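Subject: Structure handover

Hi,

Here is the structure to look over. My notes follow below it.

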Amino acid sequence: MNFKENINLTLKDLSPVLEHTSKKEKIWMAFLGVIILWGCYALYIQITQGHIVTGMRDNVVWGIFIVNFIFLIGIGYSGSVIAALLYLFKMKWRFPIIRIAMLMTLFATITGPLFILLCIGRLDRLHHLFLYARLQSPITWDVIAVITYLVGSLIFLYVALIRDFAVYGQSKDLKVSDGRKKWYKRLSFGFKNLPSQEKHLKISRDIIAIMIIPIAIMVSSILSWIFGMTLRPGWHSTIFGPYFVLAAIYSGLGVIVILMYILRKIYSLEKYIKKEHFIYMGYGIMIFGAGYGYFTFSEYFTDWYTSKAWEAELIHKLFSWDHYGYWTLFANLGGILLPLLIIGIPKLRTIGSITLVSLIMVVAMWIKRYLIVIPTLENTLIPMQDLREEYVHYSATWVEWVLVAAGFALFGLLFTLAIKFVTIIPVWQTALMNTEEQNKNIEKS
Amino acid sequence: MKKEARRAAIKAFLAGGALLSTGWLALSKKKPSGDTVKLLSQDGELVEVDREYLKVPTHMHAGLLNKSTTGREAIPGKKFVMVIDLGRCRNALKCVTACQKMHYLPEEKEWVKIKLMKDTEKGAPYWFPKTCFHCDNPPCVKVCPVDATFKREDGLVLIDNQQCIGCKFCMAACPYSTRVFNWEDPKEPQPISEEYSSTETSVPSVHGTVEKCDFCPDMVRQGKLPDCVTACPNGVFYFGDENEDAVTNGDETVRLSQLLKDKAGYRYMEELGTEPRVYYLPASNRMFPVERGFKGMSDEEKQKFEDI
């Protein structure tokens, strides 16, 4: 079989998702739409009545919005880094994963910053961030970094998509509207697989793949410095930059595994996303999980060992049963030990088990971010001595939960719409890989 | 006649910023009476001004407020400092209520707070009034992304609530929990005149922005003491100018350096490196037993201090 035939075959296999929207998909999108609308209503309440409708108060000034911001941005950072690393190390098995990772990056990086906007009291003055920007502030660094990263990951995704756009645009078998085909053609930028085009594309991919890694590391570090640059126990830590970088990639790997599992099940992609992919991702989870676990241990251990009162109070809060003990236990058992153990033992290493521990780990990582933000803010240097319970202890309100849910729904909706527009598995590369393999087999025989 | 007018004009100019704005306008219309008065200018220079050109602004605030520069310009030559004598405090809360009145704050919003502190297990508890420390190395100013909170030459850390976007980063950064946020539309006990609204008066409160103790720069500009200082029945607060090396609690004026030396003044949590402009005098030789502070307090309110 030659390359062209392979392309047609692969596209035929994957095109139904682009061509038709099933009833189930419609219900799913409508469901997400309803949650988003509910979120819009919550946002309307928050804007008209003020942040009083949230659980945030003068001591705990940031709540689950910022928790979700760290979580989503973390996922966003990891997707590109994983895709870039797999590309640069020329991992042959990467193709079925790479687009999922890149789409995840893009939509998490779009959804995440919405949550920092929700923390801002005066959205009508948002332009002040540019008008009166002060370079000393970690928030200004973050604005620059997130925008840079968003553009970078968009280019990375686009450069990886060009050849597929050309395939979609030129294919006679693909049954989509003419208007959409025109868009595919436009987006393919006249790519016709000429050697000179192939060369330029490769250079572009190399450059952006190399660039996106340091950008992602910087962005993740800057996010951590929003906390690290304050004089607060649990935040003011020299390891916070690398700690956040590791945690981001780690949780992102978990989300990729979950997405792989769901997409594989729903669209019957067993032929492409195989057990080995889950196992490779599992290895990644083990490596980054071990690193993240080491950082976590060293962070708690140094704070606990010395006797600085302010820090000791925080450690006490995190580890005592009447405060955050159960959450801390879950965050560390489910977030570190369980994945290491289950994936570490070859016999337990199945698609189902890897997905399950990924799911638990991702939830644990969300809770870990909660444990980074809220207990520290509840632990003030000057005693609160306040009778207003809501000022002493943070508890998120329905407005906050609905908005968090709406954020995830938006991520889900964007992702669903995207896989209706581009194939989940890259057609070009898969066909190329298959052709090479077939040629090798022919040579052998 | 012309010469005289010119001389008068120069003198009026010297008489300083306060008189300048109204005086200059008046100058073009009014004729000098020939009867002069001696005045001390802002720079400490003795000048003569024609009586005819003397004009006290009808609204004190309107003339004295630094509105054009959104309160960012310092009061020249000053370096404000506060000394809080912990030995004198009995939790009378007059500072808190006076501050609330001055800034049109509702009852539950406190810019000045009084905490019950106990440094060691065996030590005695004491009342600890806390204003904004107006740090010389302010962690809040450092992190502000939009230049809404700023440090002035005269030592004050203020907030421009027209510029603040309400990200609350400064609140997270302040280790002393000084700042408060307008979580909803602010409830003002009384209407506030447009003329009184400015960065220097810190009123009115603006929904979705941060605010805090400002050392009452509008009062200070008029040569008056901040309201917490004058309201305190026990003279706990000394306010003054570090450059002059003098502080006063309204009753007595003392040398700052001498006071800090004699009574072993210290700054709260010096090790944080924030360089507060507020000094504390240790709670020794107390004027009142700590229990006096609980007088008239309901049992529910006493629960606040259970941990101490």
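In this predicted model, helix α7 (residues 138-170) of chain A packs on helix α8 (residues 178-187) of chain A at an angle of about 145°. Their axes are 8 Å apart. Axes are lines fitted to C-alpha atoms, for helices over the stretch in contact, and angles run from 0 to 180 degrees between N-to-C directions. Helices (H or I, at least four residues) and strands (E, at least two) are DSSP runs, numbered from the N terminus. The crossing of α7(A) and α8(A) is left-handed, meaning that the near helix is turned anticlockwise from the far one by less than a right angle. From α7(A), Phe165(A), Tyr168(A) and Gly169(A) meet Lys181(A), Tyr184(A), Lys185(A) and Leu187(A) of α8(A). Contact here requires C-beta atoms, placed from the backbone, to lie within 7 Å. By class, the contact of α7(A) with α8(A) has 4 nonpolar, 1 polar and 2 charged residues. The classes: Ala, Val, Leu, Ile, Met, Phe, Trp, Tyr, Cys and Pro are nonpolar, Asp, Glu, Lys and Arg are charged, and the others, Gly among them, are polar.

Conventions: residues are numbered from 1 along each chain as its sequence is written, while chains are lettered from A and ligands numbered from 1 in the order in which they are written. Local features need pLDDT of at least 70, side-chain atom pairs count only at pLDDT 80 or more, and totals for chains, interfaces and linings use all residues.

**Between the chains**

37 residues of chain A are in contact with 39 residues of chain B. On the chain A side, α6 (128-131) and α7 are the elements that give two or more residues. α7(A) gives the most, with 3 residues. That side of chain A divides into 18 nonpolar, 12 polar and 7 charged residues.

Helix α16 (residues 398-419) of chain A has 22 residues and should span 32 Å at 1.5 Å a residue. Its end C-alpha atoms are 31 Å apart, which agrees. The expected span is 1.5 Å times one less than the number of residues. Buried residues of α16(A) include Val399(A), Leu403(A), Phe411(A) and Ile419(A). Buried means that 20 or more other C-beta atoms lie within 10 Å of the residue's own, with C-beta atoms placed from the backbone. The buried residues of α16(A) pack against α2 (16-19), α3 (23-49), α4 (64-88) and α5 (95-118) of chain A.

α3(A) has 27 residues and reaches 39 Å from its first C-alpha to its last, close to the 39 Å expected. In α3(A), Leu32(A), Gly39(A), Ala42(A) and Gln46(A) are buried. The buried residues of α3(A) pack against α16 of chain A. Just after α3(A), Gly50(A) takes a positive phi of about 95°.

**Chain B**

Chain B has 10 helices and 13 strands. Buried residues make up 43% of its 308 residues.

An open sheet of 5 strands runs in the order β12-β11-β10-β3-β13 (chain B), with mixed pairing. Two strands pair if DSSP finds at least two bridges between them. The edge strands are β12 (253-255) and β13 (278-281) of chain B. The twist averages 25° from one strand to the next. Strand β11 (residues 246-248) of chain B is joined to β12(B) by 3 bridges, and the two run antiparallel. Ala246(B) stands opposite Arg255(B) in β12(B).

Strand β1 (residues 36-40) of chain B has 5 residues, of which the number buried is 0, so β1(B) lies largely in the open. 5 bridges join β1(B) to strand β2 (residues 46-50) of chain B, antiparallel. Leu40(B) has Leu46(B) as its bridge partner in β2(B).

Best wishes

Definitions and conventions: A residue is buried if 20 or more other C-beta atoms lie within 10 Å of its own, exposed if 12 or fewer, and partly exposed in between; C-beta atoms are placed from the backbone. Two residues are in contact if their C-beta atoms, placed from the backbone, lie within 7 Å.
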